[in-house]
Amino acid sequence: MAVPCLPLLTRTRSTTPQAELSRVERLVHLKGAFALTGDLSSQKKYLTDKNIVIIDDVATTGTTLNEAAKVLIPVSYTHLTLPTNREV
């Protein structure tokens, strides 16, 4: 089973690496830093009735995952999975 990996998000501005920031700074640093790649009409086919997994290499505060999800949720009818490196 082939699973597509698509670049649905892009950064809207340069940001300091999260690892260089305090916890408090991390929580607000990425607000509005992501947008859909391309226009909505070209991405809609990838966002409708799909299971989307957003992957972050390091999920300390979850800010990157949350900000990415904020962009995708309003424009899609999908199930978003935000995996973390923490054991439950």
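**Entry 1: I54.** I looked up I54 and, setting aside neighbours within four places in sequence, found it in contact (heavy atoms within 4.5 Å) with L65, A68, A69, L72, L80, T81, L82 and P83. The model is predicted, so I note that local features need pLDDT of at least 70, that side-chain atom pairs count only at pLDDT 80 or more, and that totals for chains, interfaces and linings use all residues. Residues are numbered from 1 along each chain as its sequence is written, and side-chain values use heavy atoms, with hydrogens and water left out.

**Entry 2: the chain.** I counted three helices and four strands, taken as DSSP runs numbered from the N terminus (helices H or I, at least four residues; strands E, at least two). From the N terminus the order is β-α-β-α-β-α-β. Of the 88 residues, 28% are buried; buried means under 20% relative accessible area, exposed over 50%, and partly exposed in between, with a 1.4 Å probe and protein chains only. I also took contacts between residues at least 6 apart in sequence, and 64% of these join residues at least 24 apart.

**Entry 3: the core.** I searched for nonpolar cores, meaning sets of buried Ala, Val, Leu, Ile, Met, Phe, Trp, Tyr and Cys residues joined through side-chain atoms within 4.5 Å. The largest one has 16 residues, and F34, L36, L47, I52, I54, L72 and L80 have the most contacts inside it. Two elements give two or more residues to this core, β2 (34-36) and α3 (63-72). The top contributor is α3, with five residues.

**Entry 4: helix α3.** I checked burial along α3 and found seven of its 10 residues buried. They are T63, L65, E67, A68, A69, V71 and L72. I then looked for salt bridges (a side-chain nitrogen of Lys or Arg within 4 Å of a carboxyl oxygen of Asp or Glu) and the count came to one. E67 pairs with K70, and their closest N and O atoms are 2.9 Å apart. Both residues sit in α3, three residues apart, or about one turn of the helix. An α-helix has 3.6 residues a turn, so residues three or four places apart point the same way. E67 is buried at 7% relative accessible area, while K70 is partly exposed at 46%.

**Entry 5: H29.** I placed H29 in helix α1 (residues 23-29). H29 is buried, with a relative accessible area of 17%. Apart from neighbours within four places in sequence, H29 is in contact with R13, T15, T16, Q18 and L21.

**Entry 6: pockets.** I used a 1 Å grid over the protein atoms alone, where a pocket is an open set of points at which a 1.4 Å probe fits, with protein on both sides within 12 Å along at least five of seven lines; lining residues have an atom within 4 Å of a point. Points are joined across faces, edges and corners, and volume is the space filled by probe spheres set on them. The largest pocket holds about 650 Å³. It is lined by 22 residues, with C5, L6, L8, I52 and V53 nearest its centre. β1 (9-11), β3 (48-53) and α3 each give two or more residues to that lining. Its classes are 16 nonpolar, three polar and three charged, with Ala, Val, Leu, Ile, Met, Phe, Trp, Tyr, Cys and Pro taken as nonpolar, Asp, Glu, Lys and Arg as charged, and the others, Gly among them, as polar.

The second largest pocket holds about 270 Å³. Its lining has 18 residues, and Q18, A19, D56, V58 and T64 are closest to the centre. I found that α3 gives the most to this lining, with three residues. The lining divides into six nonpolar, eight polar and four charged residues.
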